[in-house]
Every structure is written in C-alpha cells, then in structure tokens.
Amino acid sequence: MECFGAIGTLLGCSAGAAVCGLLFAAFKLGLLYQLFHKTETKSPRHGGESVAEVLRAHGVKYVFTLVGGHISPVLVACEKVGIRIVDTRHEATAVFAADAVARLSGTVGVAAVTAGPGLTNTVTAVKNAQMAESPLLLIGGAAGTLLKGRGALQDIDQMSLFKPLCKFCASIRTVREIVPTVRKALAVAQSGTPGPVFIEFPIDTLYPYHLVSKEFTVKNPPKGLMGKIITWYLNNHLMNLFAGAWETRDVSPLPVDIPQATDDQVQRCIELVSRAKKPVILLGSQATLPPTPADDVRLSTCLPCSNSMSRGMLGKNSPIHIRQNRRDALKEADLVLLAGTVCDFRLSYGRVLNRRSKIIAVNRDKTQLLKNSDLFWKPTIAVQGDAGSFLVRLSKGLKGYSCPKEWPQSLKAGDVTKENANRAKANEKTEHHLNPLKVLHQVDELMAEDSIIVADGGDFVGSAAYILRPRGPLQWLDPGAFGTLGVGGGFALGAKLCRPESEFYTGCLLY
C-alpha cells in the first residue's frame with residue numbers, strides 16, 4: 001500500500017491517483033500475482049492435500065470429524081498420508097476427542113467439521129477447550145469464495161461466531177494461502193496460553209481445478225459488455241484462486257513462543273520459599289503443558305502440594321500430596337505457590353488464601369495470573385511464565401532446603417482423618433440404591449496402575465475427585481473450569497487412541 005502512495009506522489013495528484021487506483025485494483029484482483037505465478041489448470045491436486053502435508057509435518061496422528069462434503073478433500077488427503085480419520089456421531093464429540101488428544105499427547109488436537117450447523121454444533125466444546133487451555137485446531141467448511149452472504153447452503157458468518165472463542169481465526173481466500181495459514185494457526189494454538197484456533201475453508205479452495213472450474217462456467221451469460229465483464233471476472237477469480245497453488249512451500253513447524261520466568265524472578269522466589277516454614281503448592285493444569293515433561297515436574301516437586309486440574313501429578317500415595325484438607329492447609333500456610341492455578345470459583349475467588357501468607361503466582365496468561373487480585377488477594381510475586389519449567393528451575397535453586405517435617409506430617413494426618421470419615425460414610429447401608437461412595441472406593445481399589453479416569457458429570461464426579469486416586473500425571477481428565485457435561489464419550493475416545501494399553505473409567509463406569 002505504501003508503494004502505491006509513493007507512486008502517486010511521484011506522478012502528481014490526479015495522474016498518480018489514477019495509477020494507484022489501477023494498481024490497487026490489479027492487486028486486489030490478483031493480476032499482479034498472476035504475472036509471476038502460474039495457474040496449473042491440468043493439475044489433479046487439491047487444497048486438502050496441502051492441509052494434510054502441514055498436519056503430517058506437525059506430528060498430527062488423528063483428525064476427528066463428522067464427515068461432510070465441504071471438508072471431504074481434507075479427510076481423503078489426510079488418510080492417504082497416514083493420518084487416521086476418526087468419524088464420530090456428533091461434532092462436539094469430535095472436538096472433545098481432539099481436546100483429549102491435545103492434553104495427553106502434547107501436540108495440537110485436530111477436528112474437522114462441515115459448514116454451518118456442523119460448526120455451530122462445536123461451540124460448547126470449543127469454549128471448553130478455550131477455558132481448559134487446550135491447543136486445538138478446528139477446521140471448518142464454508143460456502144464458496146464468491147457465494148458468501150448470497151444464501152448458499154449452510155452459509156453463515158462463521159468468523160464472528162468463533163472470534164470470541166479462538167486465539168486465531170482465518171478464512172482461506174486462495175489455495176496458496178493454505179500452507180502458511182495452517183502453519184501459523186498450529187503455532188498460535190501452542191504459544192503463550194494454549195487454546196483453540198479456527199480456519200474456515202471455502203469449498204472451492206479444497207477441490208481440484210477441473211471440478212471447481214465447472215462451477216464458474218456461466219451457462220447463459222448476459223449479452224453485450226456486461227456479459228463479457230462477468231465472464232472475465234469469473235475466469236480471473238478462478239485463475240487467481242489456483243495461481244501458485246502447487247509451488248514448493250515450507251510445511252515445517254514454526255517456532256512456538258512460550259513465556260518463561262526471568263532468572264531474577266526465579267531467584268526472588270527461591271529466597272522467599274527458602275524462608276518459609278509452612279509452604280504449599282497448588283498445581284494447576286498448566287503444570288502439565290509442554291515443553292517440560294510432566295514427570296520432570298513431578299520429580300522436582302518437594303513441597304506439600306494440592307492439585308485440582310493436575311490430579312495424578314504426584315501419583316497415588318505421595319507423602320506430600322494433600323488431597324482432602326486444602327482449605328485448612330491454605331489457612332495455615334505462610335507461603336502459597338499458585339503454579340498455573342487460577343483464583344476463580346474453585347478457590348472462592350481467592351478468599352481461601354490467608355492474607356498474611358506470601359503468595360507467588362505463576363501463569364502464562366496475565367489475566368488469569370491476576371484474576372480477582374483486586375478484591376480478595378494480592379500476589380507477593382507475580383510471574384507471567386510457564387509453570388512447569390518454573391517449578392523445575394525453582395527446585396534446582398532450592399537444593400538442600402526442606403520445610404519442617406512436622407508441616408507435611410500434620411497435613412497428611414488431616415487427610416487420613418478425612419479419608420477415614422469418607423470410608424465410614426461409604427460403609428453406610430442404603431435402602432434402595434447403591435451407595436455412591438462405596439462404588440467409588442471399590443473402583444479405586446480395582447483400578448490398574450495405567451488407568452485413565454474421564455470425569456463427566458456433576459455431584460458424582462465431585463465425590464470421585466476426592467476418593468479416586470489417579471495413578472500418575474495426565475491420568476485424570478475432566479472438562480475444567482467450564483464444567484461442561486457430556487465430555488465423556490469424546491474424552492474417552494481421544495484418550496484411548498493416545499493410550500491404547502490403558503483401562504478407562506468414564507463417570508466411574510468401566511468402558
């Protein structure tokens with residue numbers, strides 16, 4: 001655009017404006033691009049192949065879908081390059097399954113659905129992924145590039161629908177845009193605070209030239225000059241749609257930007273923790289995110305911990321894991337480390353924190369890092385960075401430090417008291433129905449060490465959260481802060497594909 005303005009200045013106002021206008025029109029119509037890039041009208045290739053190439057280069061193994069005509073080329077191409085296509089019976093299930101894959105594999109989960117109602121059916125699942133901070137790519141079909149807003153089948157304003165839900169939204173306009181756009185979307189999904197991204201593919205960007213060209217043929221064009229203009233415009237649009245489409249492009253992953261704590265911040269936290277007598281760590285789901293393996297985080301954790309979204313991080317019977325008495329521990333603690341944990345309703349908006357405690361908050365998202373800090377709590381040190389790598393660095397700096405043994409022992413004793421009370425309730429007889437606490441205790445005793453628990457439900461799952469003991473990191477999956485019901489089928493499907501050797505419990509019923 002600046003070059004057009006420079007030309008206008010050199011040629012004078014009126015002549016320059018005319019030239020600039022012509023150049024701008026040529027640019028918008030793709031005429032300038034077509035001068036240097038060929039349109040291969042005989043090529044049988046299609047846009048779905050470009051999508052598949054990028055996904056394969058990024059290590060994507062599964063695409064979840066409910067098949068539709070708008071997106072069929074993507075599915076066919078993915079299958080040809082070895083990406084497994086998993087068909088579901090509802091679009092929300094496809095997104096929930098992709099969400100589970102993202103959490104368990106450390107890669108981006110991918111779902112592909114058809115236009116219009118296919119996409120609207122995913123809204124709840126996409127919002128859940130946003131609030132659970134799961135990196136997810138949603139591929140959606142769309143009406144043809146020239147038919148948007150003209151009443152085509154399943155044509156709605158999909159971009160406006162997904163912009164509030166996704167970190168990145170894009171609509172493909174030409175086939176040559178597919179590779180760079182998909183690469184960017186996959187990088188954005190994993191950068192900063194992970195989350196969903198959305199790309200819509202107009203149907204004419206996915207099918208091969210010889211099929212698309214038939215749709216651009218005007219059977220009875222208007223006579224005279226107007227007919228010639230319409231025919232030229234349609235032909236030019238078609239040629240620009242495929243211009244440079246099959247030129248060699250880099251499909252490798254772009255760098256992922258993950259915020260990290262500074263050395264100074266880590267050192268300040270080390271000094272603060274080393275003076276604490278009653279420290280407590282609250283582990284959030286961000287502690288399980290790449291690039292730091294969950295096992296490294298687990299091995300580096302040496303302070304008493306309570307966790308919610310990262311259940312299982314410390315295994316089944318860790319002496320520093322506080323499962324039952326989190327509220328009491330927070331009241332007594334003189335230092336609390338919020339490692340990816342948010343002060344939302346799950347922490348009573350921060351009211352459970354002792355105002356006299358030193359509080360270290362670590363979160364990739366600045367908004368979540370300081371949520372409700374203007375009302376009920378104040379961080380002593382707030383670090384916008386990755387929780388997992390922060391904990392590993394903190395542990396290295398705390399070598400030789402350990403809090404007084406009486407502190408974790410007293411917390412564990414409180415846990416034992418509460419667990420005995422729960423078991424007593426489980427042994428109470430019921431007149432007509434099963435005692436749910438008894439069922440949960442028996443499931444916990446029977447679960448194999450590699451079992452994955454998929455929590456889908458309300459009160460029953462609330463009870464399961466403090467009775468069932470996940471055996472290791474990433475062996476408990478629940479919807480997260482959004483509290484979505486109906487995630488069970490999709491989560492179990494995605495998790496089973498990632499961990500085929502594991503047993504699965506969904507809603508505490510064996511699958």
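Reader: Which residues have the most contacts inside the largest nonpolar core?

Author: In this predicted model, they are Leu-337, Leu-338, Ile-360 and Phe-390, and the core itself has 49 residues.

Reader: What does Leu-337 touch, apart from its close sequence neighbours?

Author: Beyond four places in sequence, Leu-337 is in contact with Val-280, Ile-281, Leu-282, Ile-360, Val-362, Phe-390, Leu-391 and Leu-394.

Reader: How is the chain divided into domains?

Author: Domain 1 covers 47-242, domain 2 covers 263-412 and domain 3 covers 428-508. The centres of domain 2 and domain 3, taken over C-alpha atoms, are separated by 25 Å. Their contact takes 16 residues from domain 2 and 15 residues from domain 3.

Reader: Let us turn to Met-313. Is it buried or exposed?

Author: Met-313 is buried, because its relative accessible area is 1%, and the cut-off for buried is under 20%. Met-313 lies in the loop between β8 (305-307) and α15 (326-332).

Reader: What surrounds Met-313 there?

Author: Leaving out residues up to four places away in sequence, Met-313 touches Leu-283, Ala-287, Thr-288, Ala-294, Val-297, Arg-298, Asn-307, Gly-472 and Pro-473.

Reader: Now the helices. At what angle do α18 and α19 cross?

Author: The axes of α18 (residues 406-426) and α19 (residues 436-446) cross at roughly 115° and come within 7 Å. The crossing is left-handed.

Reader: Which residues make that contact?

Author: From α18 they are Asn-422, Arg-423, Lys-425 and Ala-426, and from α19 they are Leu-437, Lys-438, His-441 and Glu-445. By type, two are nonpolar, two polar and four charged.

Reader: And which residues of helix α4 are buried?

Author: In α4 (residues 47-57), the buried residues are Gly-47, Gly-48, Ser-50, Val-51, Ala-52, Val-54 and Leu-55. Among the elements that cover them are β1 (62-66), α5 (72-80), β3 (109-113), β4 (136-142), α10 (178-190) and β6 (196-202).

Reader: What follows α4?

Author: Gly-59 follows α4, and the phi of Gly-59 is positive, near 75°.

Technical notes. Residues are numbered from 1 along each chain as its sequence is written. This is a predicted model: local features need pLDDT of at least 70, side-chain atom pairs count only at pLDDT 80 or more; totals for chains, interfaces and linings use all residues. Side-chain values use heavy atoms; hydrogens and water are left out. Axes are lines fitted to C-alpha atoms, for helices over the stretch in contact, and angles run from 0 to 180 degrees between N-to-C directions. Helices (H or I, at least four residues) and strands (E, at least two) are DSSP runs, numbered from the N terminus. A crossing is left-handed if the near helix is turned anticlockwise from the far one by less than a right angle, and right-handed if clockwise. Contact means heavy atoms within 4.5 Å. Ala, Val, Leu, Ile, Met, Phe, Trp, Tyr, Cys and Pro count as nonpolar, Asp, Glu, Lys and Arg as charged, and the others, Gly among them, as polar. A nonpolar core is a set of buried Ala, Val, Leu, Ile, Met, Phe, Trp, Tyr and Cys residues joined through side-chain atoms within 4.5 Å. Buried means under 20% relative accessible area, exposed over 50%, partly exposed in between (1.4 Å probe, protein chains only). Domain bounds come from an automatic or database domain assignment.
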